[in-house]
Amino acid sequence: MQSVRKGRVSLVETATDEIRAQIVNGTWPVGSRIPPESALSDTLGVSRASVREAVRSLVHSGLLEPRQGDGTFVISDDDSAVALRRRLERAELSHVTQVRQGLDVVAARQAAKHRTDAQLAGIEAALTRRRAALAAQDDEAFTAADAEFHVLVAEASDNPVLADIYRSLSAALREELRRAACLDTATAAPDDPHSRLTDAIRARDPQAAVDAAVLLLAGHVRDLALPGED
């Protein structure tokens, strides 16, 4: 009985590893639907029961998500990013903000140095969406655009580790912005730190970008009623 159980576990582990490999190598990119259970069983050469357990394991680890009546979809291609995201979801918002106080400055400086024209266009588009949501007093759209703005700045930094961290921070950023009621305190004026940061990145001026990031973070600390120093 023990040897049968061991063989079953080995088949499940093999199927899990194979499915994970297909996700990581981009065969099934984030957002795509994986093949149905029967097709996976034929492709991997294991029983449907083993495929079912493998998929269940990858759902639990955060790489896959079942959607009723629509199949199972890839929602992440990095186990470590999933673990970080889950840790951030449990974190105190003050701790997230303290981490941002370091990361935002680095992201701003590096984005001003390394951004491409396409990345600048993405940042400007997110800023435009942020302003439109502010004018419409649309809290959800505003929060999404604001969080996206910061992720895009990090992606423009030419530092893939920093970009990955910000993508993992995205959900925590949204919660931070909601709690800070940033829609209530935001401004569309040209001297808004988001506009100043965008201008500095456009001008490839690292010091001006750092200054804008520091000013922006000071506003978050104020809105969250957090101490500036601990």
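Which residue with a positive phi follows α10? In this predicted model, helix α10 is followed by Arg204, whose phi is positive, near 55°. Helix α10 itself spans residues 193-202, and seven of its ten residues are buried, so the helix is largely enclosed by the rest of the structure. The buried residues are Pro193, His194, Ser195, Leu197, Thr198, Ala200 and Ile201.

Arg202 is partly exposed, at a relative accessible area of 38%, and Asp199 is partly exposed with a value of 38%.

Two packed helices are described by the angle between their axes and the distance between the axes. For α6 and α10, the angle is about 165° and the axes are 10 Å apart. Because an angle over 145 degrees counts as roughly antiparallel, α6 is roughly antiparallel to α10. The crossing of these two helices is left-handed. On the α6 side, the contact involves Leu120, Ile123, Glu124, Leu127, Arg130 and Arg131, which meet His194, Ser195, Thr198, Ile201 and Arg202 of α10. By class, the residues of this contact are four nonpolar, three polar and four charged.

Helix α6 (residues 117-136) also packs with helix α7 (residues 139-155): their axes come within 8 Å and cross at roughly 160°. The two helices are therefore roughly antiparallel to each other, and α6 passes α7 in a left-handed crossing. Residues of α6 in this contact include Gly122, Ile123, Ala126 and Leu127, while those of α7 include Ala145, Phe149, Leu152 and Val153. The contact of α6 with α7 has eleven nonpolar, two polar and five charged residues.

Asp146 lies in α7 and Arg130 in α6, so the pair ties together parts that are 16 residues apart in sequence. Both Asp146 and Arg130 are buried.

In total, the count comes to eleven salt bridges. One of them joins the side chains of Asp70 and Arg33 at 3.6 Å, N to O. Asp70 lies in the loop between β1 and β2, and Arg33 in the loop between α1 and α2, so this pair ties together parts that are 37 residues apart in sequence. Asp70 has a relative accessibility of 37% and counts as partly exposed.

Methods:
Residues numbered from 1 in each chain as written. Predicted model: local features only at pLDDT ≥ 70, side-chain atom pairs only at ≥ 80, totals over all residues. Heavy atoms only, no water. Axes fitted to C-alpha atoms, helices over the stretch in contact; angles between N-to-C directions. Helix = DSSP H or I, 4+ residues; strand = E, 2+ residues; numbered from the N terminus. Parallel < 35°, antiparallel > 145°, perpendicular 65-115°, else oblique. Left-handed = near helix turned anticlockwise from the far one by under 90°. Contact = heavy atoms within 4.5 Å. Nonpolar A, V, L, I, M, F, W, Y, C, P; charged D, E, K, R; others polar. Buried < 20%, exposed > 50% of the residue type's maximum accessible area, 1.4 Å probe, protein only. Salt bridge = Lys/Arg side-chain N within 4 Å of Asp/Glu carboxyl O.
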